[in-house]
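Have a look at the model first, then read on.

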Amino acid sequence: MKLLQQQIEKDQSGFVRVVPEEPEDMWHIYNLIQKGDQLQASTVRGVKSETSTGSVTTDRVRLRLTISIEDMFFDVQAGALRINGRNIVENKHVGIGQYHTLDLEMNQPFTLSKREWDLISLQRIKDACDITKQADVAAVTMQEGLAVVCLLTQYMTVVRQRIEVAIPRKRRGSTANYEKGLHRFYEQIYRAIKQHVDFSVVKVVILGSPGFVRSQFFDYMMAQAVKTEDRTIIENKAKFLQVHTSSGHKGALEEVMRDPQIKARLADTKATQEVKAMDDFYQMLNNNPDRAFYGFEDVRKAADNGAIGTLMVTDELFRAADIQTRRKYINLVEDSKASNANVLVFSSLHVSGEQLQQLAGVAAILNFPLVMDSGSEYSSSGESSKDEPDHADFDF
């Protein structure tokens, strides 16, 4: 999604003007829009007109409408978003108060205005418009003298840098110039990976090449990382996946993605962090239930005690029609972040989100155990008390 304009006032009211560029953007927009927001977009409406002879004709006219949103429908399979509401800016074809349904279209800009842009909404705009936050797979295809560094999202491949280095041929009795050229080439790839790959987001880095270029580069990169004490590369060594490709051009990625073994390795990379968090939560619930809370009331009390290490919330809770309900979850996220908790917002379209929804949509792994005192207050303790809050038993 491309951000064209953003204007947020001190009271948090304001608007953003964006262009959806990919089907995934429609999901972000669906999560942004709330009842009562104002949406301005281009649309087509049938307009009736009467001729001088008394006959009535209907023409389809493209016009720009601003509506106050009342409800919306998102078709997951088609990636289509329909928004219904009353027109609030009169024009010659549509009067104020008339209903109209806007179908948001790909590559067509629209403006969304809110009375309050909260933390969750602003972060979603930032993430949706930042390609590095969407791409959790990176790839470098290479052959001697040519490399292409890419970021991959669910729907697109973005070339971040193309590297071309002239490498002298090997000469009989001397390979010094060849090796120098090869090292210059590898050094540029190394720098490009450091510049374009955000290892806090990216889960897999594909290194693809014909022959032994990929393995030779990998050995060079790890040797340089050890020599320069580059902890980022050293600590993320396991994320690099070496595969065979027919060339170093971007098009070689297509053959990589068709490989069943590669598909299995890359499957669900976007949800890996969330799946691991849920696994950690269930293990904690079984082994140390005083450090695994779920349901708003218990999690809220954990936040009040500064105990949350990881907070998990489904995006469905932030689409609540009731403003007070939405606000209490936003406050929970803000308070948890203020105490340096790791906050994960789960997609309700993913199995991990559905799993979290069974726990009332919110759960937390605590940094230290909390148990109930006799006065029905939570306190930190290494031991459980008979008044501790009940937690459901889960079978695994």
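Two strands count as paired if DSSP finds at least two bridges between them. Helices (H or I, at least four residues) and strands (E, at least two) are DSSP runs, numbered from the N terminus. This is a predicted model, where local features need pLDDT of at least 70, side-chain atom pairs count only at pLDDT 80 or more, and totals for chains, interfaces and linings use all residues. Residues are numbered from 1 along each chain as its sequence is written, and side-chain values use heavy atoms, with hydrogens and water left out.

**The sheet**
- Five strands make an open, mixed sheet, running S10-S9-S8-S11-S12.
- At the edges sit S10 (157-164) and S12, each pairing on one side only.
- S8 and S11 run parallel to each other, joined over 5 bridges.
- Thr 141 has Gly 208 in S11 as its bridge partner.

**Helices on the sheet**
- H5 packs on the sheet, touching S8, S11 and S12 (contact means heavy atoms within 4.5 Å).
- The direction of H5 makes about 160° with that of S12 (axes are lines fitted to C-alpha atoms, for helices over the stretch in contact, and angles run from 0 to 180 degrees between N-to-C directions).

**A closer look at H5**
- H5 covers residues 213-228.
- Its buried residues (under 20% relative accessible area, 1.4 Å probe, protein chains only) include Phe 217, Phe 218 and Tyr 220.
- Those buried residues of H5 pack against H4 (176-196) and H6 (231-235), among other elements.
- Just after H5, Glu 229 takes a positive phi of about 55°.

Methods
The expected span of a helix is 1.5 Å times one less than its number of residues. Buried means under 20% relative accessible area, exposed over 50%, partly exposed in between (1.4 Å probe, protein chains only).
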